[in-house]
Amino acid sequence: PVIRRSDYRPPAWHVPEIALDFDLDPQATRVTATLSVTRNGEGPLRLDGDGLTPRSVLVDGTPHNDWRLEDGALVLDLPGDAHEITTEVVIEPQANTQLMGLYASGGNLCTQCEAEGFRRITFFPDRPDILSRYRVRMVADKARFPVLLANGDPVASGDLGDGRHWAEWSDPFPKPCYLFALVAGDLVANRAQFVTASGREVQLGIWVRAPDLAKTDHAMRALKTSMAWDERVYGREYDLDVFNIVAVDDFNFGAMENKGLNIFNSRYILADPDTATDYDYDGIAAVVAHEYFHNWSGNRVTCRDWFQLSLKEGFTVLRDQQFSGDQGSAAVKRIEDVRSLRASQFPEDAGPLAHPIRPDAYQEISNFYTATIYNKGAEVVRMIATILGPTAFRAGTDLYFSRHDGTAATCEDFVVAMEDASGVDLSAFRRWYEQAGTPRVSATLEHFPGGGRATLSLRQAVPPTPGQQTKQPMVLPLKLRLFGAETGRPLSDERLFLFDQDAATITFETVTERPVLSINRGFSAPVIVETDRTSADLAFLSAHDDDPFARYEAMQQLMLDTLVASVASGHGDHAAVIDAIANTLADDRLDRAFVAEAVLLPSDSFIGDQMGVVDPDAIFAAREALRSDIGRALLPEWRAAYAATEADAFEYTPDAKGKRRLRTVALGYIAASGASDADAIAFAQFEQADNMTDRQGALMTLVNSDSDDRIAALDIFYNRYRDNPLVLDKWFTTQALSTRADTFEQVEELAGHRDFTLTNPNRARALIGAFSMNQKAFHRADGAGYRFLADQLIALDRINPQTAAKMLPPLGRWRRFDRTRGELMRAQLDRILSVPGLSKDMLEQVGKSLS
Ligand code: ZN
């Protein structure tokens, strides 16, 4: 059953109002829904349902028997143009292991409806272009569920006298059902207030279980900062009197932007220095901001259909990236975002699951919450901003919000608003919405010393992807600059070149010395650039480029070239990399976080992405050889960097974070050097740390060690944090990422640990997901890693198909490996496919991976 974008038809019926009545109970929750429906076109009223049986159906208050079930949906042929439909169903939240719809987590009840979970709660046209006003009444046992929350504003509440109580909420903003939410539980709130630009007082609440209350301050600060930021930068104000966030331990993804009632995976709310790393703190601020920003980019203006998902996700990711960039170093944030784009989106774009940011077809929409829709989607909107410039881009977003407020829009609407506000023609740019695959750009610079000129020749090609054999050239905004090789000075201003043909030549005048090319500065286009720059040129740029991203990029390219060459030849010349790192370390003017990023080697998997056939053993060996050479050659420098980044007491500031980051990197290189005191330094840091960043940083080093310190540290860590599920996840992940030879056996054993369970998505990802990222262990030549992943995914598919299907892509990359590994991987895909009763989520992912 393939759903196609071209098949979109407006609905036959609208539902302007819905009243929902919940009699909440984990075993049996009765849901009564009353829908006012109005005719919009020809056809029956189709109310989607998934696993629901109607207990009763009323039409205009009268029992009605003339209905049928089609694929779980309740279908009624109705005369006339307006009716009131009432249905009653009973559902069992406690048995809901998919975590879609209404489910139980830690004794509380909560919902997740995006994309198609609402149909597991009640019969309703579950499509985002149906916008309704919601009134919600909940009844529940008062002792077990003292707190009852839903979207919008609280209206009334009371006691039933029999140990039960009730609450009523009403949301004045029409919304699609994927934004519906309720929470019932034993929760406490961190409360605060925010006064909007126009003077509205908003009551903020972050709801958690009582012992977690002390860990909510960082999230609350991030929420207030986001609210002020969106007013200042995008002119967007909050629109209800309350804004609630609830943290739950069992959650399929990061968080959800339900109107006025965001529900979060607790890992994106709870933090204190002892249990959360800087990375966690940053992630919390980013996700709190992301979900808050959805109130405009997603909720006030929503999506017409799920093919438009990037309309809200790509744009909102860009907004959260800009927000995070404004909180600390924008350059470091950009580097992190590009690193993760390359780690997750580039491989997707180069594999069997490649799709455009606006797909043409899907089988299961849950499979399309991808790095392409989110992160490449953000890059596409970022390019529009770059092409238009800040003022016109803001005019474009203002126009988009005002024109489409209260409606379900399309990606096309967004682009048209940008064109109308700016006068810029984006016709050819629209190919970014249509074509999958990462464009490749090759650049050759030629210098004509006589005439003081240089010419830059550019070519581009977009590789074929499934279903798209030939491609048109893309519009690539490329930021360019030339530097003089002798003086180190810029030879031109930064130029923004819109490269929209297969090939182009650009001329630079007054090039008075040999020029070195700085291209795709700031990563202005999400492409792969190949140049003829030498190691010396790259080392030069790593020291002289004035764009921090380009500087980082030059260093990465130098490392990549070195590693790819040594994988090919079996030995490498490491001198240029070592020199460049030494220079970067010696530059005191640089932000420590930047230095930490710049001196970090590209990951095993990114090195593999550069190769025709990935050889995980050779890559690992080449990377380790380079790492230990860097460690040995610069050991005094690493020791100095380590000593200079020692901090007094924990502070969460950009400066302190930068020092901690560099400290962990330095420790890694000290260990890589083979220094005999490395374990002792790591163990001391592990024991003395007053924060999780340093403690886990030390553990990440110790976990690769052959000494008894590894076992000791793991035991101490486990015993200290055994009651904290989020930290226990780190304990599993750190072991799954170890480079030791016995990691596979350790992981197999951990899968039988009493704290391991597939029913909690965080825990499943912490062990199984992390293991599948460990290039060395997962790609063991005997295929044991592949078989293990397949076993786990087959088991998980029965419990939670969405989470299982998300973890399949590492196996789907089989074509990239040598024949033996490829066959072993493919055999596991075949085995998964042969399992009876496989979910449609998994069927789509496996089917595409094999075809
Ligand atoms: Zn989102």
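Entry one, the sheet. I looked up the strand order and found that 4 strands form an open sheet in the order β10-β11-β16-β13, with antiparallel pairing. I noted that strands are DSSP runs of E with at least two residues, helices are runs of H or I with at least four, and both are numbered from the N terminus; two strands pair if DSSP finds at least two bridges between them. Because β10 (101–105) and β13 (147–150) stand at the edges with a single partner strand each, one side of each is left without a neighbour in the sheet. The twist from one strand to the next averages 20°.

I am reading a predicted model, in which local features need pLDDT of at least 70 and side-chain atom pairs count only at pLDDT 80 or more, while totals for chains, interfaces and linings use all residues. Residues are numbered from 1 along each chain as its sequence is written.

I followed β10 to strand β11 (residues 108–112) and found them paired in the antiparallel sense over 5 bridges; Leu-102 has Thr-111 in β11 as its bridge partner.

I looked up helix α5 (residues 371–388) and helix α6 (residues 390–404), whose axes come within 6 Å and cross at roughly 125°, with axes being lines fitted to C-alpha atoms over the stretch in contact and angles running from 0 to 180 degrees between N-to-C directions. Ile-384, Ala-385 and Leu-388 in α5 meet Ala-392, Phe-393 and Gly-396 in α6, where contact requires C-beta atoms, placed from the backbone, to lie within 7 Å.

Conventions: Contact = placed C-beta atoms within 7 Å.
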